[in-house]
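Please look over the sequence and the three-dimensional structure shown below. The explanation that follows leads through selected parts of the structure in turn.

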Amino acid sequence: MLLTTSVHFLFLVFLGMLLLVLLLIIGVLFYSFFQYKESVRISEWVKVINQKISEVIVYEDQELSLDQNFMASSGNSSFRNLFLQKLVDSEKKFSGSAKIKIKNLFKEYHLQQEAAKKLDQKKPYLIAGGIQELTVMEVKESLPRISSFLSHPSPQVYQEAQYAMVSFKGFEGLYFLNTATEKISEWQQLRLLLSITSIPENSGEAIESWLRSPNDSVIIFTLKLLRKFQMLPFYPIVVTLLEHSSVEVRVQAVQTILSLENPSTIRFLTEVYPDQPHEVQLEILRVMKISKDQCCTDLVKKELLENSNTAIKVYAAETLFELGHQEYLAKLSRDETASEELIQIIKYALQEKVC
């Protein structure tokens, strides 16, 4: 009797597990079928949208045919978001009249609503996407709303907001730098620099305040701005940054000092060189190599002979070569008292094959 009960129980357990597996299989099949139908639908939508965009760009308004498939789908929220995404992608690829036509499509189908809705979402990538879409499509009336995201905790969001401000307002849009506390990445700095096409005459006070910012990345970005627009009056302030606590700021300051073209630059760098960190000394040697100013020759020779750092020696040898002291280097390479490392470095500078 007990054996019969156990067998019956095991059978029920087996039957239950079998039923569970069957339900899982059915669930996976339904999910896969749903995903397949969704992918097919999206694929059809992409074809319809691409055709619409192509026709608008290629043909005049009077030549356009009425696309029933497009009209039937244009009220669907998912379709409209995909349409918006494709318009933004297309806008980046085209220029001139094609860009204008794409923006007209955006306005015609009131896709601003779809982009604006994303600003009310919680997920950072959706908010950032909405800001990007409104920026690309030049929806200027959205600027007050976008500006509220400059202090958003997500880098993805506040970086898009920063870029939007500059895209819409040019140099004036950079005023978020006054209060920026987070690091501005190199990629973000490049985006912002490319968006600035001119500097207003009354910008001196703002730029000077950015050069004294507690945020090192703000200073670095401003130095790049000075280089781009050759803002010579700021040379004295840039010079003071060679005493900044950040090595990266000092390196950027050296690059900017060279760019701003002052006849006393190399002599000044020669004087401050001994007190600089290793990375800054390397940058100064690189600048000396580019400048080809002979006033630094004695310093460079001293670094080649006496500095224990290999990288410094290599830069010094290359600088001497660019300054035209090939004969000095060749003579030094034949000196029997010179170390093997020094000889190899010199031969490298002379572009000889080291055996």
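In this predicted model, the side chains of Q188 and R191 make a polar contact at 3.0 Å; a polar contact is a pair of N or O atoms within 3.5 Å, where within protein one must be able to donate a hydrogen and the other to accept it, and residues adjacent in sequence count only if both atoms are side-chain atoms. Because the model is predicted, local features need pLDDT of at least 70 and side-chain atom pairs count only at pLDDT 80 or more, while totals for chains, interfaces and linings use all residues. Residues are numbered from 1 along each chain as its sequence is written, and side-chain values use heavy atoms, with hydrogens and water left out.

Q188 belongs to helix 9. Helices here are DSSP runs of H or I with at least four residues, and they are numbered from the N terminus. Q188 counts as buried because its relative accessibility is 1%; buried means under 20% relative accessible area, exposed over 50%, and partly exposed in between, with a 1.4 Å probe and protein chains only. Leaving aside neighbours within four places in sequence, Q188 is in contact with Q159, Q162 and Y163, where contact means heavy atoms within 4.5 Å.

Helix 9 covers residues 186–195, and L192 has its place there. With a relative accessibility of 0%, L192 counts as buried. Residues up to four places away in sequence not being counted, L192 touches Q162, Y163, V166, F176, I184 and F221. The C-alpha atoms of L192 and N178 are separated by 15 Å, and the two residues are 14 residues apart along the chain. Which residues of helix 9 are buried? They are Q188, Q189, R191, L192, L193 and S195. These buried residues of helix 9 pack against helix 8 (155–169) and helix 11.

The loop between helix 10 (204–211) and helix 11 (216–229) contains N215. N215 counts as buried because its relative accessibility is 8%. The side chain of N215 makes a polar contact with the side chain of S217 at 2.6 Å. A polar atom of the N215 side chain also lies 3.4 Å from the backbone oxygen of T181. Not counting residues up to four places away in sequence, N215 touches A180, T181, E182 and K183.

Two packed helices are described by the angle between their axes and the distance between the axes. Axes are lines fitted to C-alpha atoms, for helices over the stretch in contact, and angles run from 0 to 180 degrees between N-to-C directions. Helix 10 and helix 11 pack at about 135 degrees, and their axes are 8 Å apart. Helix 10 and helix 11 are therefore oblique to each other; angles under 35 degrees count as roughly parallel, over 145 as roughly antiparallel, 65 to 115 as roughly perpendicular, and the rest as oblique. On the helix 10 side, I207, W210 and L211 meet V218, I219, T222, L223, L225 and L226 of helix 11. By class, this contact has eight nonpolar residues, one polar and no charged ones. Ala, Val, Leu, Ile, Met, Phe, Trp, Tyr, Cys and Pro count as nonpolar, Asp, Glu, Lys and Arg as charged, and the others, Gly among them, as polar.

Another helix pair is formed by helix 15 (residues 278–291) and helix 17 (residues 310–322), whose axes come within 9 Å and cross at roughly 10 degrees. Helix 15 and helix 17 are therefore roughly parallel to each other. In helix 15, H278, Q281, L282, L285, R286, M288 and K289 meet A311, I312, Y315, A316, E318, T319 and E322 in helix 17. The residues of this contact divide into seven nonpolar, three polar and four charged.

Some loop residues complete the picture. K292 is found in the loop between helix 15 and helix 16 (297–306). K292 has a positive phi of about 60 degrees although it is not a glycine, and at 48% relative accessibility K292 counts as partly exposed. E138, in the loop between helix 6 (124–136) and helix 7 (143–147), has a positive phi of about 55 degrees and is likewise not a glycine.

Key:
Helix = DSSP H or I, 4+ residues; strand = E, 2+ residues; numbered from the N terminus.
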